[in-house]
Every structure is written in structure tokens, then in C-alpha cells.
Amino acid sequence: MIPILYEDNALLVCLKPPALLSQAGQNGGEDLLSLLEAEGHGAVFPVHRLDRGVGGLMVVAKTQRAAAALSAAVQARVLEKTYLCVVRGQPSAEEGIYRDLLLHDRARNKSFVVDRMRGGVKEAVLSYRVLARRAEDALVQVQLHTGRTHQIRVQFSSRGTPLLGDGKYGGGSGDIALWSCALAFPHPKTGRTMSFRQLPAGDPWDGFPLAELVK
């Protein structure tokens, strides 16, 4: 069963397990939306996505009108998405903003930082704060300001600090150490701000005192 944190007649907020597709893909396999429908939540509509190897909080619309309103909130950058990640190596500063131009190669399903704007290139912006450092890695909190494909993964990798377990971007084998830990957005019907937080558990997260570090 998909864990549900909140549900009403317009939307639901759930936890996507890592290794599950957010929505149906060309190559098949189970996906979050199909499972939610199969578990009795009715028709559901996507608002945003998490990469297959990434887990954590997602908001899903239950009507097309709610989907349109929430998608507009994403475009207006008023749907706030916060992540935790463990990077290999050490970010050069305790906090900062990464601003890059990204090109997504659909054939390879991989994004690249490029040096100039051209067809298919989009700006990617995130802010980060280092929460803890260890000898070989660091726990980092990230707030996305844009939602580009593999954005967090490629922006950190391009600076020599790939996400632990992210083999596509140089982080080695294993599970990708990236988790959607907080969401905040205006309710599509009432406009009331909805806020949710859920910390990850298991390896490598249990190596950090998350409850003390994440505010």
C-alpha cells in the first residue's frame, strides 16, 4: 500500500517508494498513479514527478481542475519542494545557489550542464545548505526553484559532488541518496497553505541525526 499523509476530494499527498515510477512509462512497470487507482483512490492526475530511484513526498490531484491549479502553482514556483541528499565529497561552501543551463538528452535519458542557451536548453536553479559533513560525504538540504529532469543529480555531479548511489552521474552503485522531504503549496480549492514533512529512514540516512538537523 502507498502511504497516504493527507487526502480530500481534490488531492492527496503520499510517499512514493524508491524504485517506483511516478507515472506510466514507455517501458512499462508499476507506477504510482496506477497503484493509487488500484488501491481505491479513484482517478488521479500527475502534478510533478520524482525520478524512479527517488522516494518521498508527492502531491497528486484527484480532479482535472485541481491538477491544472497545482500545475499552475508549479509553474509560478509557489509549490515549494525541499529535498535531502547525501553527496560524495564536500560542497565548497556551507550554503549557496546553483544556477546552470541544462540540456536533457532524451535518447540517453541523461541531462548535461552546457555553457550557452540553445534549442532544448533550460535554466536550472536550486539553493542548498550543508547540514552535516563526514570524512567522505555530506548531508545536504536542497530547495528546488525549477523542476528540470535529473536537476539535483546533474547540478551536484557537475561540481564534483555526485549523489551517493547515483551511477548515472558518477555516484557509484546502490540506491540514489535523494529524498523529497517537504512540500508546501496552496490548496487548489481553498488557497490555504498546505505543508508536509517526512524524513527518510534506512541507509544512508540513519548515519545522520536527521531529526536534529532538519528544521
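The legends below describe several views of a predicted model.

View 1. Of the 215 residues, 46% count as buried. Among contacts between residues at least 6 apart in sequence, 61% join residues at least 24 apart.

**View 2. Strands E5 and E6 form a hairpin.** Strand E6 covers residues 110-114 and pairs with E5 in the antiparallel sense over five bridges. Within this pairing, Leu-102 has Val-113 in E6 as its bridge partner. Four residues lie between the two strands, and Asn-109 in the turn has a positive phi of about 50 degrees.

**View 3. Strand E5 also pairs with strand E7.** Here residues 95-105 of E5 and residues 121-133 of E7 are antiparallel, with nine bridges. One of the residues involved is Ile-97, whose bridge partner in E7 is Ser-127.

**View 4. Leu-164 lies in a loop between a helix and a strand.** Leu-164 counts as partly exposed because its relative accessibility is 25%, a value between the limits of 20% for buried and 50% for exposed. Beyond its neighbours within four places in sequence, Leu-164 is in contact with several residues, including Val-86, Val-87, Arg-88 and Pro-204. Met-58 is 106 residues from Leu-164 in sequence, and their C-alpha atoms are 22 Å apart in space.

Terms used:
Residues numbered from 1 in each chain as written. Predicted model: local features only at pLDDT ≥ 70, side-chain atom pairs only at ≥ 80, totals over all residues. Heavy atoms only, no water. Buried < 20%, exposed > 50% of the residue type's maximum accessible area, 1.4 Å probe, protein only. Contact = heavy atoms within 4.5 Å. Pairing = 2+ DSSP bridges.
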